Amino acid sequence: MLTRRDFLATAATVPLASAARAETGSLRKAAAAHGRLYGCATNNFALRESDFKTALLREAGVLVAEYEMKRNAVELAQGHYDFAPADALVRFAEQNGLKFRGHTLVWYHSNPSWLEEAVRGTRDEKLFTGYIGATMRRYRGRVQSWDVVNEAILPKDGRDDGLRKSFWLETFGPSYIDTAFHAAREADPGAELVYNDWGCEAGGAEHDCYRAATLKFLEGAKARGVPIDALGLQGHLQAFGTRIDQAALRRFLDDVKALGYRILVTEHDVDDSGGPSDIAMRDRVVADASARFLDVVLANAATTAVLTWGLSDRFLAGPGLKTWLAGYSPRMLPLDAGLNRTPMWRAMMRAFTVSRATPPRI
Ligand code: XIL
């Protein structure tokens, strides 16, 4: 099999025409050519900019709401749902032939201010099973894949099971996760149900603990018959942090696949904070980090999709937009603020192209 190293060695000598052709391709087409989906998180503000919308429709085959489907954007007052912003994004995807991922239904973060007190006070499971049912039934058949539970694992909280001590866990015990997935399966039997988290990507002892705790959780869920279809690796990398331990990541993903789960990369970006001011240098390290990560993930036949958390740097530090890494001018996504393809875009194109695995279709 052509290794990525061999490919890059030959790619370095690829005729200019092919390189130019590569520049005119798209991540969506490169992914689809190898049985995968590429897409990105976006929001209604970004879609107001026509040049960005054009670039997004060229590059993405699946969308996820950056925040419009978070519970603090939907259920500001208990029992009163405002799905209009989420509806607008789902409608945009449908009108443009794009798939859609739902994010997220049960999380310890981004909840309306009334929720935690109501959960701790009433201990009523319908406070999450009801929300799951209402939301998933609304988008039944229109949202193909859901992050049902997000970030429930946190080994440094010190529990034997490695779970995060959230108000969900402290109120209902570990079984809240199983309950959430059963409620999701009942709400939309045709949707892909994903457990989504971060921490399994990089090398080092802390991330080894995340991988061990995640595998232990997935093994237990499988043994209990919990309807989880896939593991979502958020894929938030640090260009100037701990390098990807490709061997550890490969072993982990092989074990996930052996348990019968599919794998998605759900929120890939490469934080370049801490890097030099020289843009070309930062871009090169960002691209290498993405390649080292995707090289391993896409070599696994269970991987079906890669989404980045945004498509362009334009909206990462914009005034007025609450972004998740605001505060400096980052270069951490496939397109820069001017919508130019970055070395990360080229690294992702190669990663999709080199990967030969033919994963199961969603
Ligand atoms: C972030 C969004 O980017 C912000 O706009 C929002 O205010 C908070 O959430 N992991 C996740 C995502 O699962 O939901 C987070 O997105 C980023 C970290």
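The crossing of helices H13 and H14 is right-handed. In this predicted model, H13 spans residues 279-297 and H14 spans residues 343-354. Their axes come within 8 Å and cross at roughly 20 degrees. An angle under 35 degrees counts as roughly parallel, and H13 and H14 are therefore roughly parallel to each other. From H13, the contact draws on Asp283, Val286, Ala287, Ser290, Ala291 and Leu294. These residues meet Pro343, Met344, Ala347, Met348 and Ala351 of H14. By class, the residues of the H13 contact with H14 comprise nine nonpolar, one polar and one charged.

H13 also packs against helix H12, which covers residues 246-258. Here the axes lie 9 Å apart, at an angle of about 30 degrees. H12 and H13 are therefore roughly parallel to each other. Their crossing is right-handed. On the H12 side, the contact residues are Gln246, Leu249, Arg250 and Leu253. Their partners in H13 are Arg292, Phe293, Asp295, Val296 and Val297. This contact of H12 with H13 divides into five nonpolar, one polar and three charged residues.

Asp208, Arg211, Thr214, Leu215 and Leu218 represent H11 in the contact. They meet Ala248, Phe252, Asp255 and Val256 in H12. The contact of H11 with H12 holds five nonpolar, one polar and three charged residues.

These helices belong to a protein with 14 helices and nine strands. Of its 362 residues, 56% count as buried. Contacts between residues at least 6 apart in sequence were also examined. Of these, 79% join residues at least 24 apart. Leu298 sits in the loop between H13 and strand E9. With a relative accessibility of 0%, Leu298 counts as buried.

Aromatic pairing was searched across the whole structure, and 13 pairs were found. In one of them, the ring centres of Trp107 and Tyr108 are 6.0 Å apart. The planes of these two rings stand at 75 degrees, so the pair is edge-to-face. The cut-off for that class is over 60 degrees. Trp107 is buried, with a relative accessible area of 11%. Tyr108 is partly exposed, at 32%. A pair formed by Phe167 and Trp168 has ring centres 4.7 Å apart. Their planes meet at 35 degrees, so this pair is tilted. Both Phe167 and Trp168 are buried. An aromatic cluster is formed by Tyr81, Phe83, Tyr131, Tyr139 and Trp146.

Several backbone features were also noted. His103 and Thr104 are joined by a cis peptide bond, with omega at about -10 degrees. Thr104 lies in strand E3, which runs over residues 99-106. The loop between E3 and helix H7 (115-122) contains Ser110. Ser110 is not a glycine, yet its phi is positive, at about 60 degrees. The relative accessible area of Ser110 is 16%, and the residue is buried.

Leu339 likewise is not a glycine but has a positive phi, of about 65 degrees. Leu339 is located in the loop between strand E9 (303-308) and H14. At 14% relative accessibility, Leu339 counts as buried. The threshold for burial is under 20%.

Methods: Residues numbered from 1 in each chain as written. Predicted model: local features only at pLDDT ≥ 70, side-chain atom pairs only at ≥ 80, totals over all residues. Heavy atoms only, no water. Axes fitted to C-alpha atoms, helices over the stretch in contact; angles between N-to-C directions. Helix = DSSP H or I, 4+ residues; strand = E, 2+ residues; numbered from the N terminus. Parallel < 35°, antiparallel > 145°, perpendicular 65-115°, else oblique. Left-handed = near helix turned anticlockwise from the far one by under 90°. Contact = heavy atoms within 4.5 Å. Nonpolar A, V, L, I, M, F, W, Y, C, P; charged D, E, K, R; others polar. Phe/Tyr/Trp six-rings, centres within 6.5 Å; stacked < 30°, edge-to-face > 60°. Buried < 20%, exposed > 50% of the residue type's maximum accessible area, 1.4 Å probe, protein only.
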